[in-house]
Amino acid sequence: MEASTARLGRRWSRGGRRYGTGERRLARAMLAPSLIVMALVAAYPIGYAIWLSLNEYSVRVPGLSRFAGFDNYSEAFSSPEFWDAVTVTFLFTVISVGIELAVGLGMALAMHEAFKGRGLLRTVVLVPWAVLTVVSAITWRTIFEPNLGLAPQVLSALGLPGADVVWLGETGWSMAVMVLADVWKTAPFMALLLLAGLQVIPNDVYDAAKVDGATTLQRFRRITLPLLAPAILVALIFRTLDALRIFDLPYVLTRGANDTTTLSLLSYQELTTNRLIGYGSALSVLTFAIVMGVSFLYIRLVGGNIRSLVADER
Amino acid sequence: MNVLRLAAILIVAALFAVAGCGDDDDDGGGSGASDSQAVTESRAQGDVTWCIGKDTTGAFTTVIDNFNKANPDANVELLELPESADDQRRLQIQRLRAESAQCDVLGVDVIWTAEYAAQNWLLDVSDAIERQADAFIPSTLETAKYEDKYWAFPFNTNAGFIYWRTGQDGGPKPASWEQMYQQAGDASGFIYQGARYEGLTVNFLELLYSAGGTVVDEGGSEATADSEEVRNVLTFMRDGIDSGDVPKAVTTYMEEESRRAFEGGRATYMRNWPYAYALGKDSQIADSFDVTTFPPYEGNPGAGVLGGYNLAISAFSENPEGSLAFIEFAVEPGQQEIQATEASLPAVVSEVYDMPSVKKALPFATDLRDAVEQAQPRPVSPVYPQISEAIYTNVYAALQGDKSPDQAAQDMNADIQDALETF
C-alpha cells in the first residue's frame, strides 16, 4: 500500500515537471487557504498556550497578571502530582495499547478469514468504537457499581470471588477497569486498521509458502507479521497518542481517585476547575511535548523499518 | 518520504491535541472593569437572558412566563446550560472572560459566587438586597456576600438530611451521629457521598461544623484545618469504614449511587439532599423510610452545609435594571412556591415553608427550613475550588487508609494555606 502511493506520488511529480513551474505555483496557491486555516486553528492556539504558560494570572485580583518565565514549569517538575500523573498516563498507555494490539490482531485475523456473514460481523464489531467515550465510561461505571452493578451481580450469581470488591474504590482495580473500558472500545478500531493491512498482502505469497511446506505458524511469523508491520505501526501510533491524552475515562470512572489521575485530567483540574491559567497551560504544553516526543520516538525507532520494508516489497 | 509524511501528520495531530487543551481558557487579563459596579434600581423592561442549568422540571419556564405576562414591556428568555454544575461554571466563565453580554442573569452555584465577585464579573446588588433582607432566611444571604457586599440574590437553597429505614429491617431515628453509626453497624450500614469530589467536602464539613471546627479563619486568609476537630472528624469517618458501620462502597458513591443503594435496601441510614425524598416515595421502599435533620455530634447540635443557587447580574449585561426586576420577581414568595412545588427546590424565603401547597409537596418542609437555618456556607473564597480540592483529596486519603487522620489534617491545612496564598 505504502509503495504504491509512493510510486503514484512520483508519477504525479514527474507530470508536474512536464507542465512546468506554473503548475507548481498553482498548487501552492491552492494549498494556501488550508495552510492558513491550519495556522489559525492549530498554530495560533498553541503559540498562545505557550505564552499563557509563561505568565501567571491572578485568581483574586481582576485583570492582574505577571510574567513568570519558567516558574510554572519548575513548579510542575517539583510537584509530586505531576510525576504521579506522568506515571499513571504511561502505565495506562502501555497496558491498554498492548492489550488492544493483541486483541485487535486476533479480531483482524478472524475477520480476514472468508466465512458467511463476514460483512455483517465487520460492521457489528465496530459498534463499541462508535459509542462516545463518555457514554461508555458512564456505562462501565454503572456496571461496576458496588452490589447493584452488573459485574458484582453476575459474580455473586455464579458464586465467583470478587462480588464484594469495590472495583472503583481500590487502587489497582480502578486502573484495571479503566483499561478494560478502553480495550472494549478501541480494540475494534485497531482490528479494522490491521484488517486493512491484511487485505493488501497478496495471496500468492501464502500459496508459495504453502508449496514450500511452511506451517501456519511459520506463515504467520514470516509473512503476515512482517508485511503487516506498517499497518501495526500506524495503528500503534494512533492508539498511543490517543491513550496518552486520555481524559474521559478517569473523569467519569473515578474522578482521578486511586491513582488514575492522568495528565489531561490534571491539566483540566488546574486549568478549568482551579482556574490557574498559567500553571494549567504549562501542564498542557508539557503534555503536548510528551506526545510529540513519543511520536518522534516511534518514527525514529520504527520509521527506518518501514522504509526497508517498502524497499523489500518493491 | 513516508516517514516525513507520517511525521507531518503526527505533528498536525499533536498540534490539534494541545490546541484543544489551551483553547478553553482565553486571555484572563485584558482591560476588564477595574472597579466593581452596582445596580440599585429595577425597571421591568427590555430583553433579559437568564443563563442557568437545564430546566428539567419546567419550573424556570413557568417563572419566566409569569414575569413576561405581568410585565409586557420586558421579555425574559431562558438560555439553558447543561445539567452538570462543572459544565455550567465552565460555560459561564467562558462568556464572562470574553466580556460577553449574552447572559444578563446568571444562575450561580453558591460556591462560585465569591469567585465571580472577586473577578468583577457581577454587579453589586447590596442596595436591592438590603431593601428586603428580612424576607430571606439569613444563612442563605451569607452565600451571596463577599467583602461585605451582596453580589447575588439567593434563589434556591439546600441542606443535607438523614434518611433512615423504618419498619422491620429499619433502625431507630438517629439520636446522635455516634449512635447512628453504631446502629448502622448492627443493621445494614450508613452511606454517604464519599467519592473524591465536591460532595465529600460537603459531607466532611457537615460533621466538622457540628464538631465546632473550621477550615479557614473568618478573614479568609489563614487555614485552620490542623486542629483537634479535624482530626476527630477524620478519625470518626475512618473508624466508620474500618468497623464496617459504613460500607467501603461509599468511597465510590456520589448522590445518585447513594440513592440507588438506599432504595435497593442496601443501607439503613443515608445522608443525602432533599431531592431523594420524592424519588424515594416512588420507589419500592416508599412506605418504609423517613427523613430527619442532622442529629447532634460530640454533644453539639448538628449543623449542615448550604447548597443551592444564587441569581446574579453579569457585569457585562446591557440591561441591569431589567435583570434586577426579573430577579426580584423570581424571589417573591409566590414564585418561590412554584419552585418548591414543581421542582422540589427549597425556597430561600421563610414564609414559603408554611404554605399548604409546599407542605403537601415536601411533607418535611418545616424540618427543611430548620435544616437550612442551621446550615452554614462553605468557605466563601475566590479560591474555593482549590480549598475544596485540598479537603476532599485528604479526607479521601484518610478514608482509604492512605494517610493517618493526623497526617491528613496536616496536609489538608498545608494545602488550604497554599490555596489561600495563590497569586
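Select strand S1 (residues 46-53) of chain B together with S2(B): the two pair in the parallel sense over 8 bridges. Helices (H or I, at least four residues) and strands (E, at least two) are DSSP runs numbered from the N terminus, and two strands pair if DSSP finds at least two bridges between them. The model is predicted, so local features need pLDDT of at least 70 and side-chain atom pairs count only at pLDDT 80 or more, while totals for chains, interfaces and linings use all residues. Residues are numbered from 1 along each chain as its sequence is written, and chains are lettered from A and ligands numbered from 1 in the order in which they are written.

Within this pair, select B:Val48; its bridge partner in S2(B) is B:Val76.

Next, display the open sheet of 5 strands in chain B, with the order S2-S1-S3-S11-S6 and mixed pairing. Its edge strands, S2 (74-81) and S6 (153-158) of chain B, each pair on one side only.

Then move to B:Ile338, in helix H13 (residues 333-343) of chain B. B:Ile338 is buried (20 or more other C-beta atoms, placed from the backbone, within 10 Å of its own), because 22 such atoms lie within 10 Å. Leaving aside neighbours within four places in sequence, B:Ile338 is in contact with B:Ala59, B:Thr62 and B:Val63; contact requires C-beta atoms, placed from the backbone, within 7 Å. The C-alpha atoms of B:Ile338 and B:Ala59 are separated by 6.8 Å, although the residues are 279 apart along the chain.

Finally, show the whole of chain B, with 17 helices and 11 strands. Of its 423 residues, 53% count as buried.

Technical notes:
A residue is buried if 20 or more other C-beta atoms lie within 10 Å of its own, exposed if 12 or fewer, and partly exposed in between; C-beta atoms are placed from the backbone. Two residues are in contact if their C-beta atoms, placed from the backbone, lie within 7 Å.
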